[in-house]
Amino acid sequence: MLAARIHSPGGVDNLKLDQIEEPEVSDGEILVKIKLTGFNPLEYNLINGNVVYSVKPFPHIPGSEVLGEVLNDGINVRKGDRVIVFNRIFDGNCDLCLSGRENLCYNGGLWGVETNGGLTEKITIDEKNLVKIPDSIPDELAVSMPIGALTAYHALKKANASAGKTILIYGASGNTGIFAAQISRIMGLRVYGVSRKSWVKDYGVLKTFLMDQIPESMTFDIVVNSLGSNFWESSISHVKQGGSLVSFGVLTGKEAKINIATLYTREIQIIGSTGGTRSDLIELIKIMETNQFRVPVAKKFKLDQIKEAISCYETTRDGRILIEI
Ligand SMILES: [Zn+2]
């Protein structure tokens, strides 16, 4: 079967389309035929050797966001089920897993980064990582749930998002941004976005600002910064007294300075958030079943067009790049 694999030392030039053996199914594992794989900053950075995690094995199949069909019966999933992969590896036995925070498992990691992922035709995976998707959720939305939607939902929960609050989302047109906007609107928040794209208003954003044109006096209960260093100072300055800044990405850099006096005199909370839990994912499916969600898709590519997909990703900022397997 066909797989897109990064060969050492990485980089797009070392991404090759290889014919590999179909995976063998061990006890407790499920064989899944991949239908769609989402292409995120995670995959782009991984291919280019810029991730904060250790990548293994090599040659490596990236792809941490997949939708597929189950090919063999398990305990809770059956042949023919439409599934997405909960992309955290976790042992299920540590105190964090047992308290429902498997995204923080001591023995955990990211599926598709610290294991092979979904830019291939078939995968085998532990049944506990599969989540069934109802037919009412279309493919493009389903494949965007494990990273885009789940990351946004978990971050909003951590920031205690609730009706009547205001939220400012940096990068509102990005994969997490458009879901943060839609989920916030459903939760009853007033949503503002920092984006050059006026179309984000179609996703629940009341008003957009250009980065350097957010009125100084405007502050928000929650500020979402998934973009890292370059937006840190601005994002902190727009948190209301008693409000919070939630962070889950480092696209423009990992380092930031902080004015401690501002932090405590204004009682600002800085919240780190990473991915989400299986329980979040189940809640999110219910929210998506009963509310109209949309996801902008810039273009779909076939697996053997992966390099064209990467070139398109580098220039496109108007929607998702998806890979049809
Ligand atoms: Zn654990």
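Predicted model: local features only at pLDDT ≥ 70, side-chain atom pairs only at ≥ 80, totals over all residues.
Trainee: How many C-beta atoms lie within 10 Å of Ile 258, and is Ile 258 buried or exposed?

Mentor: Nonpolar side chains tend to be buried together in soluble globular proteins. Ile 258 has 12 other C-beta atoms within 10 Å, so it is exposed. Its place is the loop between strand E14 (239-247) and helix H7 (260-265). From Ile 258 to Asp 95, 163 residues apart along the chain, the C-alpha separation is 32 Å.

Trainee: Which residues have the most contacts inside the largest nonpolar core?

Mentor: That core has 84 residues, and those with the most contacts inside it are Ile 84, Ile 167, Ile 169, Ala 181, Val 224 and Ile 323. Helix H4, residues 145-158, gives the most to the core, with eight residues. At least three residues come from each of domain 1 (2-144 + 295-324) and domain 2 (148-272).

Trainee: With which residues is Ile 167 in contact, leaving aside its neighbours within four places in sequence?

Mentor: The contacts of Ile 167 are Ala 161, Ser 184, Leu 189, Val 191, Tyr 192, Phe 220, Asp 221, Ile 222 and Val 224. Val 224 is itself one of the core residues with the most contacts.

Trainee: How many residues of domain 1 and of domain 2 are in contact?

Mentor: Eight residues of domain 1 touch seven residues of domain 2. The protein is divided into these two domains, with domain 1 made of 2-144 + 295-324 and domain 2 of 148-272. Their C-alpha centres lie 27 Å apart.

Trainee: At what angle do H4 and helix H5 pack?

Mentor: Two packed helices are described by the angle between their axes and the distance between the axes. For H4 and H5 (residues 175-187), the angle is about 50° and the axes are 8 Å apart. On the H4 side the contact involves Ile 147, Gly 148, Ala 149, Thr 151, Ala 152, Tyr 153 and Leu 156. H5 contributes Asn 175, Thr 176, Phe 179, Ala 180, Ile 183, Ser 184 and Met 187.

Trainee: How are H4 and H8 oriented to each other?

Mentor: H4 and helix H8 (residues 278-290) pack at about 100°, with their axes 10 Å apart. They are therefore roughly perpendicular to each other. The contact uses Met 145, Ala 149, Leu 150, Tyr 153, His 154 and Lys 157 of H4, and Asp 280, Leu 281 and Leu 284 of H8.

Trainee: What is the value of omega for the peptide bond from Lys 56 to Pro 57?

Mentor: Most residues other than glycine have a negative phi, and most peptide bonds are trans. The bond from Lys 56 to Pro 57 is cis, with omega near -10°. The bond from Phe 58 to Pro 59 is also cis, with omega near -5°. Pro 57 sits in the loop between helix H1 (41-47) and strand E4 (66-70), and Pro 59 is found in the loop between H1 and E4 as well.

Trainee: What is the phi of Asn 160?

Mentor: Asn 160 has a positive phi of about 55° although it is not a glycine. Its place is the loop between H4 and strand E10 (166-170). With 14 C-beta neighbours inside 10 Å, Asn 160 counts as partly exposed. Glu 267 also has a positive phi, near 50°. That residue lies in the loop between H7 and strand E15 (269-272), and with 12 other C-beta atoms within 10 Å, Glu 267 is exposed.

Technical notes. Residues numbered from 1 in each chain as written. Core = buried A, V, L, I, M, F, W, Y, C linked by C-beta atoms within 7 Å. Buried ≥ 20, exposed ≤ 12 C-beta atoms within 10 Å, placed from the backbone. Helix = DSSP H or I, 4+ residues; strand = E, 2+ residues; numbered from the N terminus. Domains from an automatic or database assignment. Contact = placed C-beta atoms within 7 Å. Axes fitted to C-alpha atoms, helices over the stretch in contact; angles between N-to-C directions. Parallel < 35°, antiparallel > 145°, perpendicular 65-115°, else oblique.
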